[in-house]
Amino acid sequence: MIHHVLLACPPGSEAASRAFYVGLLGMTEKPKPPPLAARGGCWFTGYDAELHLGVEADFRPARKAHPALLRPDLDDLAARLAAAGHPVTWGDDEVPGMRRFHTHDPHGNRLEFLAPIAG
């Protein structure tokens with residue numbers, strides 16, 4: 001079992017991270033321990049996943065590598081993301097038994113969202 005996934009973010013981007021991960025994705029911000037909070041970044045939890053956003057001075061977004069998160073509200077989430085300016089790209093049937101799409105967070109990191117096909 002994985003404890004968390006770390007994604008990088010640029011310095012000073014915590015507000016944009018919170019708006020996306022809490023505001024759009026509906027995750028909850030988890031307080032960082034004080035020694036780690038001094039480094040910047042944010043931690044989020046929800047939907048049986050924990051994502052950490054860590055500050056990198058020479059930040060480059062993850063364009064290929066990505067977390068894949070299970071979401072029961074796949075269609076609603078895709079519509080919310082697209083309406084907020086985060087286009088979604090739906091996948092085909094490459095992953096048997098799953099519907100899925102990719103999008104990017106406000107820093108350009110790739111994210112995948114999946115839901116099992118009913119039936």
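Trainee: What should I know before reading the model?
Mentor: The model is predicted, so local features need pLDDT of at least 70 and side-chain atom pairs count only at pLDDT 80 or more, while totals for chains, interfaces and linings use all residues. Residues are numbered from 1 along each chain as its sequence is written, and side-chain values use heavy atoms, with hydrogens and water left out.

Trainee: How are strands and helices assigned, and how does a sheet follow from them?
Mentor: Helices (H or I, at least four residues) and strands (E, at least two) are DSSP runs, numbered from the N terminus. Two strands pair if DSSP finds at least two bridges between them.

Trainee: In which sense do E1 and E4 pair, and over how many bridges?
Mentor: The pairing of E1 and E4 is parallel, over five bridges. Leu6 stands opposite His52 in E4.

Trainee: What is the strand order of the other open sheet?
Mentor: That sheet of four strands runs E5-E8-E7-E6, again with mixed pairing. E5 and E8 (residues 110-116) are parallel, with three bridges; Leu70 has Leu114 in E8 as its bridge partner.

Trainee: How do I read a helix against a sheet?
Mentor: Axes are lines fitted to C-alpha atoms, for helices over the stretch in contact (heavy atoms within 4.5 Å). Angles run from 0 to 180 degrees between N-to-C directions. Helix H3 (residues 74-83) lies across E6, E7 (98-104) and E8, at about 20° to E7.

Trainee: How is a pocket found?
Mentor: Rolling a probe the size of a water molecule over the atoms shows where empty space is left. On a 1 Å grid over the protein atoms alone, a pocket is an open set of points where a 1.4 Å probe fits, with protein on both sides within 12 Å along at least five of seven lines; lining residues have an atom within 4 Å of a point. The largest pocket holds about 260 Å³, a volume being the space filled by probe spheres set on grid points joined across faces, edges and corners.

Trainee: Which residues are closest to the centre of the largest pocket?
Mentor: Of 14 lining residues, they are Ile2, Asp48, Ala49, Glu50 and Leu69. E4 (49-55) and E5 (68-70) each supply at least two residues of that lining.
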